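Please consult the sequence and the coordinates alongside the text.

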Amino acid sequence: LHEGIGFRRVAVLFVRPQNRELQTVLSAGAEQSPALRQFRFAAQNNELLTQLLSKPVCLLIDAQNHGKYWRHFPESLRVAINCDSYVVMAVFANTRPVALIYADNAPQPIINGERQHLLFKQVCQQLSQCLGQLRQND
């Protein structure tokens, strides 16, 4: 995502199944973003995050819809993101959410939004399919 699609920052937030706590476990390009690299939050305490972890939906947040979604993210995530344009999608192993994937071009907006959005969504969907197959083989 960081090199192949060209996002400047990418973070993988693992979902702990017991309490649906999100915690950043991998990041790229976020060296100057310690809040994103160290992010941790109980997703069950936030309706938007709970919805994102309930079904595979890819959100492209940009200038047109930023105000609609921004206020629904928890304050700690807004501080960690500190960006007006980004994509976010959950990755699943069958029906179980495994991770929330976040990517942006901070401090710049996502310039080629539709293309990056589509590629990001396809990568997340393919990852979900792979995780689902691995889980079936266990």
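Predicted model: local features only at pLDDT ≥ 70, side-chain atom pairs only at ≥ 80, totals over all residues.

Setting aside residues up to four places away in sequence, Leu 52 touches Val 57, Leu 59, Phe 73, Val 88, Ala 90, Phe 92 and Leu 100.

Seven bridges connect strand 1 and strand 2, which pair in the antiparallel sense. Within this arrangement, Val 15 stands opposite Leu 22 of strand 2. Strand 2 also pairs with strand 3 (residues 40–42), again in the antiparallel sense, over three bridges; here Gln 23 stands opposite Arg 40 of strand 3.

Four residues lie between the strands in the hairpin of strand 1 and strand 2. Arg 20, found in the loop between these two strands, has a positive phi of about 55° although it is not a glycine. Its relative accessibility is 29%, so Arg 20 counts as partly exposed.

A positive phi is also found at Asn 94, at about 60°, and this residue is not a glycine either. Asn 94 is placed in the loop between strand 5 and strand 6, and it counts as partly exposed because its relative accessibility is 42%.

## Salt bridges

The model contains four salt bridges. One of them joins Arg 9 and Asp 104, whose closest N and O atoms are 2.4 Å apart. This pair links distant parts of the chain, since Arg 9 belongs to strand 1 and Asp 104 to strand 6, 95 residues apart. Both partners fall under the 20% limit for burial: Arg 9 is buried at 6% relative accessibility, and Asp 104 is buried at 0%.

Glu 21 takes part in two further pairs. Its side chain meets that of Arg 16 in a salt bridge at 3.2 Å, N to O, and it forms another with Arg 40, where the closest N and O atoms are 3.0 Å apart. Glu 21 lies in strand 2 and Arg 40 in strand 3, so this second pair ties together parts that are 19 residues apart in sequence. Through shared partners, Arg 16, Glu 21 and Arg 40 are joined into one network.

Glu 21 is buried, with a relative accessible area of 14%, whereas Arg 16 is partly exposed at 28% and Arg 40 is partly exposed at 46%.

## Surface patch and a buried serine

Phe 14, Val 25 and Leu 26 form a nonpolar patch on the surface, and together they present about 270 Å² of accessible area. Leu 26 is part of strand 2 (residues 21–28), and it is classed as exposed because its relative accessible area is 56%.

Ser 128, in contrast, is buried, with a relative accessible area of 15%. This residue is placed in helix 5 (residues 113–137). Apart from neighbours within four places in sequence, Ser 128 is in contact with Ala 90, Val 91 and Phe 92.

Terms used: Residues numbered from 1 in each chain as written. Heavy atoms only, no water. Patch = residues over 30% accessible without salt bridge, like charges linked within 9 Å, V, L, I, M, F, W, Y side chains within 5 Å. Areas by Shrake-Rupley, 256 points an atom, 1.4 Å probe, with all protein chains shown as cover. Buried < 20%, exposed > 50% of the residue type's maximum accessible area, 1.4 Å probe, protein only. Contact = heavy atoms within 4.5 Å. Pairing = 2+ DSSP bridges.
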